[in-house]
Amino acid sequence: MKIAVIVFPGSNCDIDLYEALKTVCGADVDYVDHQQTSLAGYDAVMLPGGFSYGDYLRAGAIARFAKIMPAVKQMADSGKPVFGTCNGFQILTEAGLLPGALKKNDSQSFVCKTVPLEVVNNQTIFTSQYQEHERISLPIAHADGSYFADQATLDELEKNHQVVFRYAEENPNGSLNNIAGVCNRAGNVLGMMPHPERAVEAILGSTDGLRVFKSLLENGTVIAEG
Amino acid sequence: MTTVRIYVTYKPSVFDPQGETITNSIHALGHENVKSVTVGKFFDVQVEGDQVAATVEQIAQELLVNFNMETYTYQVLEEK
């Protein structure tokens, strides 16, 4: 299974994602520059955290126009795994690949800490190695992470089990329904504000994020081999 | 050339944390008669030709506004 980590101007978690996959999981992974136009040969694509295009206009709004994005959309439409964390999540919503939007934290502050989460849906290709309702802890670091969608969209998300992660105990940013991560209807596109790539080795303080990548590698290999 | 100012704000139904914080600060200054503040952004756009309204609406739809959470209005500032 071959994985692409997209590098936008202003990405700053691209190395974390790459190393989590390559060094920790032994995956076959490449950096792909935002000016490329093809993802031919890749089985999955990851959009990293950071501040692409300086968060101009809205977080993720300008990255939508990057030359690589039609190829990312094509991957999503063809059912291949597409993952975005933090700014990557914001880009996926702005690009219309995931429902809803990320707005400014209710607190008006940049929040940087490790928070408890509930794995709400362990039936996705990204979460199959977690237990249903398992409690994990992952780092968050964002100013625009308050998940918002209209009531009809929230109802649809809940009904279709598209809420994958929820903040447990405390809601750090004002996200509706305590949503920390959602997937598309088909389940192959996941966006989440927490950073699993920052919790993949004991020396980092936690390995709770590791199974996101292990799940993807396990299930993605099956998908790639058809 | 027409200069149009496009205003983008959160929808009234969406909590505006900046507006709330600023309102609280204004109250701290003693201006209790200020009941609310809405924070948004504006874009001054210069458009050539006669397709002004259509162009403004299109760029608002396609880029400037995220309709999940935002709304917009615009006014013509200058025509020459």
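Visitor: What should I know before I start?
Guide: The model is predicted; local features need pLDDT of at least 70 and side-chain atom pairs count only at pLDDT 80 or more, while totals for chains, interfaces and linings use all residues. Residues are numbered from 1 along each chain as its sequence is written, and chains are lettered from A and ligands numbered from 1 in the order in which they are written.

Visitor: How many helices and strands are in chain A?
Guide: Chain A has five helices and eleven strands. Helices (H or I, at least four residues) and strands (E, at least two) are DSSP runs, numbered from the N terminus.

Visitor: What is the radius of gyration of chain A?
Guide: It is 16 Å, close to the 17 Å that the globule rule gives for 226 residues, so chain A is as compact as a globular protein of that length. The radius is taken over C-alpha atoms, and the rule is 2.2 Å times the number of residues to the power 0.38. Along its principal axes, the C-alpha trace of chain A spans about 40 × 40 × 35 Å.

Visitor: And how much of chain A counts as buried?
Guide: The figure is 57% of its 226 residues. A residue is buried if 20 or more other C-beta atoms lie within 10 Å of its own, exposed if 12 or fewer, and partly exposed in between, with C-beta atoms placed from the backbone.

Visitor: Why is β1(A) called largely enclosed?
Guide: Five of the six residues of β1(A), residues 2–7, are buried, so the rest of the structure largely encloses this strand.

Visitor: Which strands does β1(A) pair with?
Guide: Six bridges join β1(A) to β2(A), residues 28–33, and the two run parallel. From β1(A) the chain crosses through helix α1(A), residues 14–24, to β2(A), and this β-α-β crossover is right-handed. That word applies if, with the strands pointing away from the viewer, the path from the first strand over the helix to the second runs clockwise. Three bridges join β1(A) to β3(A), residues 44–47, also running parallel. Two strands pair if DSSP finds at least two bridges between them.

Visitor: Which residues of β3(A) point which way?
Guide: A:A44 and A:M46 point one way, A:V45 and A:L47 the other, and all are buried. A:M46 is the bridge partner of A:V5, and in β4(A) the partner of A:M46 is A:F83. The chain goes from β3(A) through helix α2(A), residues 69–77, to β4(A) in a right-handed β-α-β crossover.

Visitor: Changing topic: what is the phi of A:C86?
Guide: Near 60 degrees, a positive value in a residue other than glycine. Most residues other than glycine have a negative phi. A:C86 lies in the loop between β4 and α3 of chain A.

Visitor: A:H133 has a positive phi as well; where is it found?
Guide: A:H133 is in the loop between β6 and β7 of chain A, and its phi is near 65 degrees.

Visitor: Are those two buried or exposed?
Guide: A:C86 is buried, with 30 other C-beta atoms within 10 Å. A:H133 has 12 C-beta neighbours inside 10 Å, so it counts as exposed.

Visitor: Last one: how many residues make the contact between the chains?
Guide: Eleven residues come from chain A and eight residues from chain B. Two residues are in contact if their C-beta atoms, placed from the backbone, lie within 7 Å.
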